[in-house]
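Me: I am new to reading protein models, and I would like to learn how to look at a helix and at pairs of aromatic rings. Could you take me through an example?

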Amino acid sequence: MTLRLIQGGRAEQDKPGLLVVGAREIVTMAGGLRMGEAQADPAALTNADAEVAAGSGTAIAAWEGRIVAVGPRPELEVALEGSGYPLARFATLDAAGGTVTPGLIDAHTHLLFGGSREAELVLRQRGAGYLEILEAGGGILSTVAATRAASAEDLAEHGRRWLSQMLARGTTTVEAKSGYGLDLATELRLLEIAHRLGEEGPIDVLPTWLGAHAVPPEFRDRPEATEAFVRYLVDEQLPGVAAQGRARFADVFCEDGVFSQDQSRRILTAAARFGLGLRLHADELRPSGGAELAVELGALSADHLATPSGEGMAALASAAVEGHPVVATLLPATTWFLMHDDFAPARGLIERGVPVALASDFNPGTSPNCNLALVMTVACLELKLDPSEALAGVTVNAAHALGLGDDRGSIEAGRLADLVVWRVPTHRQIPYWVGADLVATVVKRGRVVVEHATG
Ligand code: NIG
Ligand code: FE
């Protein structure tokens with residue numbers, strides 16, 4: 001199947017309107033956050049063969065970067081003309097029998113870092129533990145050294161390289177954590193670069209402050225090193241980050257042996273006072289009270305959750321039932337890459353009504369992978385998610401995990417016109433064709449930003 005821009009396209013990208021026609025399936029994900037059984041409802045619209053061939057089935061209309069209507073093309077065109085959206089001002093994108101989904105949202109990445117850590121893969125094959133490597137000064141700390149040594153321009157170039165990989169795979173919004181600086185100057189540099197890359201576009205980049213990612217070398221030989229670093233984070237680094245104004249969220253690696261539940265609480269409570277949204281690395285390696293803390297603090301998202309306690313699961317379930325859900329953002333590609341056996345209890349979470357998102361956790365240590373379709377595959381194979389549940393995890397639920405559920409993540413009037421045209425007739429094939437390049441076209445804010453001609 002090849003993509004055709006039947007009218008307009010790049011040559012007419014100055015047109016304010018975009019009409020997407022000829023889809024076999026449009027996965028709208030309309031209807032809000034997915035919880036429980038609804039996680040499996042993609043709110044998909046299907047066009048018949050004849051409609052696909054004639055380009056007469058359900059179409060999507062966008063104007064000045066936002067979706068204005070979804071509906072049968074003939075009626076849609078009449079309605080557009082009659083409502084002040086002249087058809088002559090629309091470019092038309094032919095989905096050529098493919099599937100259209102919302103642009104993918106990666107709600108957990110460590111986008112910016114120096115260096116790489118391929119040696120750790122072999123160390124882990126030989127039995128070294130992740131925290132053991134960190135304690136020996138490797139792991140996160142080796143990336144901190146490489147990141148501190150990198151120039152701002154090198155870090156920005158690295159960011160552009162990986163954002164472009166993400167965009168080509170259908171990602172249109174990315175959360176990007178700091179956390180490889182750990183001193184104020186480098187943390188500010190990372191947050192500034194993340195912000196700047198978002199301004200450059202086309203991917204929107206939402207910076208998160210992760211000063212509490214590890215205790216840096218300059219604190220490690222102090223008495224009560226972790227406590228001293230936590231005090232520094234709260235009293236000095238956080239006010240500096242808040243004054244800079246680039247971070248939208250604060251995150252903590254809440255894990256026994258890294259930052260305890262109580263230390264995480266102090267850092268995140270202070271961050272909330274500065275107006276930052278809250279998210280946590282929670283219960284990644286062992287039950288550490290992260291899920292419970294996420295609920296207690298009303299975090300947007302509790303991430304990883306490979307090993308939550310029974311109390312943590314119950315807290316997440318109660319929060320969802322009581323109407324203030326914390327999104328469980330699961331990162332199965334990390335568990336896979338760490339060669340761990342504990343995959344997050346995704347089925348249990350969904351059965352208990354907890355909304356589940358999926359993210360890449362892109363980083364040099366535990367997940368050098370930025371491909372969300374591949375994350376969906378691992379989620380289907382290891383978390384036993386249904387393909388529709390997995391797609392909800394990287395669209396509508398990921399948007400909610402970033403507090404952006406009313407703005408993006410679904411194909412509904414008023415939402416951003418961030419779309420992916422896939423070269424498959426149903427979204428259920430996206431995780432099925434493992435590792436394949438299935439993206440035909442990516443649309444960001446109503447403009448075609450990626451076009452793959454064939455494949
Ligand atoms: O989410 N676990 C903490 N942070 C990252 C890994 C960072 C690293 O190893 O460099 C994660 O897996
Ligand atoms: Fe992470």
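Predicted model: local features only at pLDDT ≥ 70, side-chain atom pairs only at ≥ 80, totals over all residues.

Me: Which residues of helix H2 are buried?

Reply: In helix H2, which covers residues 73-82, the buried residues are Arg73, Leu76 and Leu80. Seen down the axis of H2, these buried residues fall within an arc of 60°, so they line one face of the helix. The face turned away from that buried side carries the exposed residues Glu75, Val78 and Gly82.

Me: What covers the buried residues of H2?

Reply: The cover includes strands S2 (17-21), S5 (58-63), S6 (66-72) and S7 (90-94).

Me: How is a pair of aromatic rings described?

Reply: One gives the distance of the centres and the angle of the planes. A search of the whole structure finds ten aromatic pairs. In one of them, the ring centres of Trp63 and Tyr85 are 5.1 Å apart and the planes stand at 65°, so the pair is edge-to-face. This pair links distant parts of the chain, since Trp63 lies in strand S5 and Tyr85 in the loop between H2 and S7, 22 residues apart.

Me: Which residues do ring pairs link into a cluster?

Reply: Ring pairs link Phe113, Trp162, Tyr180 and Phe362 into a cluster.

Key: Residues numbered from 1 in each chain as written. Chains lettered and ligands numbered in written order. Heavy atoms only, no water. Buried < 20%, exposed > 50% of the residue type's maximum accessible area, 1.4 Å probe, protein only. Helix = DSSP H or I, 4+ residues; strand = E, 2+ residues; numbered from the N terminus. Arc of directions from axis to C-beta. Contact = heavy atoms within 4.5 Å. Phe/Tyr/Trp six-rings, centres within 6.5 Å; stacked < 30°, edge-to-face > 60°.
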